[in-house]
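I opened my notebook to look up a few things about this chain. Here is what I wrote down, step by step.

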Amino acid sequence: MHFAQFVSTRDQATGTLLCGDLFTHVGGGGAALVETDILGPAIAAEEMFQATALAPRTPEILRRLAELKPRTLALMHGASYRGDGAAALRGLADYTAERMRKLAA
């Protein structure tokens, strides 16, 4: 899967980043929009499915998306998130970089 499939676009007026498959998490029910941790569930789903495109620049791209400072992350698979989207994206970048280091070892 190509990384471009993960992120669609950003709405500047609302600070919403449409994230596609980024931050996918499993489980059903619950709220459509949360202000709780989305990184932990996303890491758990990634460990289960290993679906993220691990290209050499993936962590860098996630960090560049964090520079957009989104206030809402609209997810395709799971509850969307309102809060510090930049911190969540940096956390996902750190996790991805560490996973890539482990796979390369």
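Before anything else I noted that accessible areas come from the Shrake-Rupley method with a 1.4 Å probe, and that for residues only the protein chains shown count as cover. With that, I found that the protein chain exposes about 6,100 Å², and carbon and sulfur atoms supply 55% of it.

I reminded myself that this is a predicted model, where local features need pLDDT of at least 70, side-chain atom pairs count only at pLDDT 80 or more, and totals for chains, interfaces and linings use all residues. Residues are numbered from 1 along each chain as its sequence is written, and side-chain values use heavy atoms, with hydrogens and water left out.

Next I looked up the elements: helices (H or I, at least four residues) and strands (E, at least two) are DSSP runs, numbered from the N terminus. The protein chain has three helices and five strands. Read from the N terminus, their order is β-β-β-α-α-β-β-α.

How many of the 105 residues are buried, as a percentage? I got 41% for the protein chain, where buried means under 20% relative accessible area, exposed over 50%, and partly exposed in between (1.4 Å probe, protein chains only).

I then checked contacts (heavy atoms within 4.5 Å). Of those in the protein chain with a separation of 6 or more, 66% link residues 24 or more positions apart.

For extent, I noted that the C-alpha atoms of the protein chain fill a box of roughly 40 × 30 × 20 Å along the principal axes.

Last, I visited M48, which sits in helix α1 (residues 39-49). M48 is exposed, with a relative accessible area of 52%.
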